[in-house]
Amino acid sequence: MSKSGDHGLRTLLCASGLATVWLAAPAAFAQAPSRPDPDPVTTVEEIIVTGRRSVAPSLSTLRRTEQGAADSLTMQQIENLPDVSLAQTLDRIVGVSSDRGFGTSEGRTVTVRGFDARYNSMTVDGTPVWNSSRNNRGTQLDVFPSSVVAQVDVFKTVGAGLDANSIGGHIAMRTLRAFDGGAQPYFRARTLYGVYDQSGEPGDGRPSYRAEAGGKFTFGPGNNFGVVLGADYQQHEFFDEANEVTAYTVVNGLDVLNGSGFRGVFQRETSTASVYGKVEARATDQLYAFASLSYFDDSRSEVWNRGGVFSAANRVTGATQGAGAFTGATAEQYFETYELDRKTTQLVGGLDYRLGDRSALSVRTSFLTYDHDEALFRSERFQLGSLAGSYVIGETRPEIALNADPRIATPASWVHRTRRNAFDLLIPHEDEVFHLQGDYRFNSHAESRGLGFEGGLYVRRLDRTHDRTTDNWQLSAGTVYTLATAALPGQTIDGVSPTYIDPVAYRDFIETAGVYSRTTDDTSDYTLVEDVAALHATAIYDLGALRVLGGFRVERTRFDNTTASTQSGTLQPDRREVEYTNWLPNLQATYDLSPDLRLRASATRTLARPDFSDFAFGQTVTFDGNGYPVIAGANPRLDPRLADNLDLSLDWFLEGGFLSIGIFHKDLENETFRERRETRDGSGVVVRTETIPLNTGSARVTGLELSVVKDRMDFLPAPFNGLGFSGNYTWLDGEWDVVFTDGSTRTVGGLRNQPEWLANLNLSYSIGRFDAQLAYRLRGRTFTGTFGTTAADDQWIADYDRLDLSVNWRLTDSLKLTGQIRNINDAFWIEQSGVDGDSLRAAYNPGRTVWFGISYKPRFH
């Protein structure tokens with residue numbers, strides 16, 4: 001785990017290490033002169049790409065073919081990493097960082113170049129994927145197991161033909177094609193057994209394992225028909241150590257505890273099941289067609305156990321920074337259960353047809369359904385009052401020492417609060433997404449010369465239903481319920497660690513003895529039909545060394561939204577129909593300074609549509625003393641956020657690798673903040689008051705990206721010529737102009753989930769039947785997006801580093817033994833705030849994971 005004082009040193013070491021490789025590269029590669037890649041993605045003559053010559057092309061091959069800034073990983077890199085989901089895998093790409101999900105240490109979404117998931121888009125095989133959580137548009141990437149990925153690209157510079165909702169970038173996941181690697185069959189299977197060093201708590205007992213298989217084959221005349229099939233199943237059981245401090249108050253310049261210091265054990269059971277299939281047909285360089293069906297089912301059942309002490313700041317004496325003594329405190333024990341079930345089904349069809357010697361038409365269509373069932377049950381608290389002791393807030397958990405009191409170890413002394421609700425919050429939502437696009441290309445493929453053109457039409461309909469209901473149970477005054485009845489037997493209670501409460505017995509009791517009520521949050525319920533229609537056109541001029549693309553994308557967004565609003569306490573239906581149009585210019589150029597040195601530059605405009613909670617919810621309307629409306633809630637008239645993006649990069653392609661350096665700048669306008677707005681008449685009387693989201697914020701991000709890839713250092717003498725290296729470093733400088741309800745502003749030194757820097761260092765080694773990869777992930781201090789009126793209230797994620805290892809031993813040409821360790825250094829994810837910005841707010845740690853398994857990949861001849 002990183003110490004906050006070390007992050008500057010690690011930053012310097014990473015940057016200087018990568019810079020050293022850059023400077024040393026000419027000498028290191030001098031013995032291996034560059035030559036054209038022997039395994040290009042597609043042949044020169046092809047206009048219709050039916051497949052790739054290699055199932056897993058090299059990273060340098062992929063980078064050569066991209067017009068703008070883009071970075072990739074293929075199944076060859078992915079299968080040598082102990083990552084179980086796409087969110088974890090993308091963390092390895094320069095400029096990308098994964099963000100943990102609700103109440104978990106696991107990555108769920110990703111931030112690209114400082115912009116979190118709501119600012120980015122994603123496709124699978126060229127069609128949009130939609131599985132956002134609650135009211136955020138960001139795609140939940142942890143539902144996609146890493147094994148289904150043949151290749152994933154992150155486009156930091158998007159062309160006019162891609163979804164414009166891509167301020168940070170566009171993520172494109174590609175599955176295997178039947179014609180990749182030619183007509184030869186391909187198959188791989190792997191099974192792994194996992195051991196988590198944080199498991200075995202009460203209620204645990206399921207094994208952790210992963211099983212996956214996938215392959216392709218061709219058939220028919222000329223092998224012009226093909227099938228791809230695959231499946232993945234995973235089951236995990238472990239717990240997070242989860243500690244938190246709920247609040248501080250600044251007293252005499254010190255952070256003084258003014259809330260609860262909790263220790264937690266968050267038990268997790270997860271299972272994912274995925275199946276996919278694809279049928280393909282081709283006529284060489286004339287026609288390619290496919291239809292595919294994919295299904296992803298992700299289920300999570302969790303129990304979050306908490307125990308700790310609540311103390312008000314005015315009960316603390318002798319305070320120093322992060323420490324003090326207290327009296328009159330209350331110890332508390334409670335639990336939450338969290339159930340999350342996400343099902344994604346997608347049907348896709350596509351056709352590429354060659355119209356002439358230099359022109360082609362592509363059509364893609366898809367239909368996706370996404371069911372998201374989320375339930376959070378929270379017990380009421382068992383309490384023991386009038387306690388004294390002291391606390392020291394450590395880097396990863398609050399250390400609380402209670403003065404001796406015989407009641408602490410007596411379960412019957414811990415009494416359940418009455419006249420407070422235990423509740424079950426139910427948040428289901430469903431999405432249906434239909435998409436159709438057609439693109440025309442003339443003289444625009446990589447080897448074309450002269451004038452070319454690309455253009456197309458795109459339509460997408462989202463049909464979304466969101467509901468929110470809370471079931472409540474409350475024990476009446478005089479009802480006595482204690483840990484003597486509720487706690488699992490055989491425990492010793494110390495007052496500061498979590499005590500395991502039987503969740504089934506607790507619910508049975510509270511639902512029988514408690515007073516039941518239901519809360520329907522009608523102003524948060526809504527249905528939404530959102531239609532996006534887009535037209536794009538790009539002119540291309542290619543002189544060989546110089547290639548220039550200039551074009552535009554125009555997107556019209558229209559939505560029909562039905563919700564409910566309250567007026568003077570009376571619920572009324574509320575329907576809105578809104579439409580807006582955005583013109584988005586796009587200019588990109590590449591210039592080959594030499595056959596191996598390429599300069600890229602671009603200027604683009606992109607957008608990010610408002611979050612659902614900001615525009616689709618209802619409103620509450622009351623009236624002031626003069627009878628004029630006072631409105632609070634959503635704002636259906638919000639505009640999308642817009643960004644102007646500048647990119648400049650230089651790639652140097654070398655034998656078996658490349659070096660790349662890039663700089664970029666993004667200016668964001670129309671950022672959304674909830675603000676009070678008054679409308680006055682001619683005489684200055686306030687006739688309307690609104691507290692709603694407004695497009696009054698802005699942000700800026702400037703960054704640098706550095707990448708080094710050398711697949712194999714064959715210029716070294718044996719046995720060192722089996723070494724390989726890849727590394728990347730990202731520096732991000734962001735400013736977010738936040739707006740408060742009263743209209744006042746502050747500038748925060750970062751956007752939501754924007755790290756100050758990122759790095760990956762990967763060392764590989766291969767000799768004979770043995771190969772290994774050591775992967776070191778580093779991440780600088782990161783702003784969470786939670787801010788206050790002063791910097792002391794802002795919440796940040798501390799710098800983070802994690803070390804992973806994967807080793808393989810080939811038993812035969814087809815069989816391989818695998819061993820993997822994730823989080824060797826037992827790293828914590830730490831969130832902080834306070835006057836110095838380093839006072840603990842939350843810390844999560846899943847512990848180490850070890851995987852053992854075997855894989856089978858036959859060689860077909």
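Okay, so let's start with the greasy-looking part of the surface: a nonpolar patch of about 810 Å². Nine names to find on your screens: Leu 451, Tyr 541, Leu 543, Leu 546, Tyr 591, Leu 593, Leu 599, Leu 648 and Ile 663. Keep in mind that this is a predicted model.

Leu 451 sits in strand β23, which covers residues 450-466. Is Leu 451 buried or exposed? Its relative accessibility is 60%, and exposed means over 50%, so Leu 451 counts as exposed.

Next, the sheet. Five strands make an open sheet, and going across you read β1-β6-β7-β4-β5, with mixed pairing. Which strands stand at the edges? Those are β1 (70-74) and β5 (127-128); each has a single partner strand, so one side of each has no neighbour in the sheet. The partner I'd like you to look at is β4, residues 121-124, which runs antiparallel to β5 and is joined to β5 by two bridges. In one of these pairings, Thr 123 has Pro 128 in β5 as its bridge partner.

Arg 113 and Arg 419 aren't glycines, yet Arg 113 has a positive phi of about 50° and Arg 419 has one of about 55°. Arg 113 is in the loop between β3 (107-112) and β4, while Arg 419 is in the loop between β20 (415-416) and β21 (421-426). Arg 113 is buried, at 2% relative accessibility, whereas Arg 419 is exposed, at 60%.

Last stop: the peptide bond between Ala 718 and Pro 719 is cis, with omega about 0°. You'll find Pro 719 in the loop between β34 (686-710) and β35 (723-739).

Methods: Residues numbered from 1 in each chain as written. Predicted model: local features only at pLDDT ≥ 70, side-chain atom pairs only at ≥ 80, totals over all residues. Heavy atoms only, no water. Pairing = 2+ DSSP bridges. Helix = DSSP H or I, 4+ residues; strand = E, 2+ residues; numbered from the N terminus. Patch = residues over 30% accessible without salt bridge, like charges linked within 9 Å, V, L, I, M, F, W, Y side chains within 5 Å. Areas by Shrake-Rupley, 256 points an atom, 1.4 Å probe, with all protein chains shown as cover. Salt bridge = Lys/Arg side-chain N within 4 Å of Asp/Glu carboxyl O. Buried < 20%, exposed > 50% of the residue type's maximum accessible area, 1.4 Å probe, protein only.
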